[in-house]
Amino acid sequence: MTLSHPNPLDGVLVRVDSVAYHSNCFLLHNGGRAMMRRIAVVGASLAGLSAVRALRRQSYDGQIIGIGAERHEPYDRPPLSKDFLTGRCTEADLALRDPDEALEVDWRLGAAAVRLDHHRRTIILDGGQEIRVDGVVLATGARARRLPGTEGLAGVHTLRTLDDAVGLRAALSGAERLVVVGAGFIGAEVASSARSLGLDVTVVEALPTPLAGPLGAQMGSACAALHADHGVRLITGTGVARITGRGRVEAVELLDGTRLPADVVLVGVGAQPNVEWLADSGLEILGGVVTDATCATNLPNIVATGDCAAPFNPYADGIVRSEHWTHALEQPATAVATLLAGRHGGPLHTAVPYFWSDQYGVRIQFAGHRREGDTVRIVEGATEDRSFLAVYERDGRTVAVLAMNKPKLFTRWRRQVHIPDRARGLHAVARTGFPSGVSNLPQQESA
């Protein structure tokens, strides 16, 4: 795979183990803190709010405009599939903003950005308003994928936003049977929550093993066993043929002919980055807005972070779009530093990838990045006890760690996760200050 990057500067191509990497092609060659009197943060979720906070913490005293497609102020998403769904927390509990914070942001909520004109340094909103800016932080996130043919069929839900969660919670309150399509983390957490509410729950997964992508088949099976432990039916290795009903869902029909009666269906088949509005912007788009390890894009004074970005990740040795909470919390500080640094370049984002999931009263934690061929071994506990810690090793190094109900031990092992040897040269290249880009790097997407 080769990506071409418009770049007014001469690129320096560096090859490390047959992987081509143009170091620092994304240099912000028109940047500089003094020139930026107005910065737009496009996206008002965790990544957007984190970017706003980072701007103020890094002494930016200019105008900040926060643009958000949702009408809600920034809120926390992880509880949507858990405590909010079961009624243990309220909408007010989800608020991310501290009323005592002096962020001085001009929030434009309920207004979606529909076009970016980098030549005119203008963002156009869906109401026709044009906003001129000196710098842009892209943090538009992602939206839930839907199954074709389910539009307008009552009882079929996705879960990504607060409004989604409100609708799903109301639907579950009067339901008896839930079918979850997709056994990823969102699907598993909703299944867990619904089961705690007393519903009959069936989870359908097209792959032979749930979570095999991020965890591998062995550990994916260990985590998926939680469903059976709590009376949830798990069907794997077959997809959905159609969802039937006259105005309201009645059943889910599988490709193997199985018919699953349902009062409610939750579709949890991944997310799609909100980048369509950038199609004519000149930005490099490849499953997200492509950036280097400093969050810089191929256009000056524009950085990208959070779920909408596809940055070079040294732990994965490739371009990876991550949808995890910790990533959206931490990475925006790097993006902001890069935006403000101008020609001098920003710092690398070097945090070890991390996510967690709470299912059926069990805490699952994972750090690092797994790939096929890694060796997995249990260092403490046992999978059948639903309490263990496993490490993933490659070339004698620990590249990832997984824990189930072992939080203290996990914290110790998390510190031992290393950048793979193959990626070390590429990681170091980003510090050289040469014009950069990305070429022939593997593209991956987080679970």
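Okay, one definition before anything else: a polar contact here is a pair of N or O atoms within 3.5 Å, and within protein one must be able to donate a hydrogen and the other to accept it, while residues adjacent in sequence count only if both atoms are side-chain atoms. Also, this is a predicted model, so local features need pLDDT of at least 70 and side-chain atom pairs count only at pLDDT 80 or more, whereas totals for chains, interfaces and linings use all residues. Numbering runs from 1 along each chain as its sequence is written, and side-chain values use heavy atoms, with hydrogens and water left out.

So, Asp374. You'll find Asp374 in the loop between strand E25 (362-368) and strand E26 (375-382); strands are DSSP runs of at least two residues, numbered from the N terminus. Asp374 is buried, at 13% relative accessible area, where buried means under 20% with a 1.4 Å probe, protein chains only.

What does the side chain of Asp374 reach at 2.9 Å? That's the backbone nitrogen of Arg371. The Asp374 side chain also makes a polar contact with the side chain of Arg394, at 2.7 Å.

Now, Arg394 brings us to strand E27, residues 387-394, which runs antiparallel to E28 with seven bridges joining them. Val391 has Val401 in E28 as its bridge partner. E27 and E28 make a hairpin with two residues between them, and Asp395 in that turn has a positive phi of about 55°.

E28 pairs with E25 too, antiparallel, over five bridges; pairing takes at least two DSSP bridges. One of those partners: Gly368 bridges to Ala400 in E28.

How values were computed. Helix = DSSP H or I, 4+ residues; strand = E, 2+ residues; numbered from the N terminus. Buried < 20%, exposed > 50% of the residue type's maximum accessible area, 1.4 Å probe, protein only.
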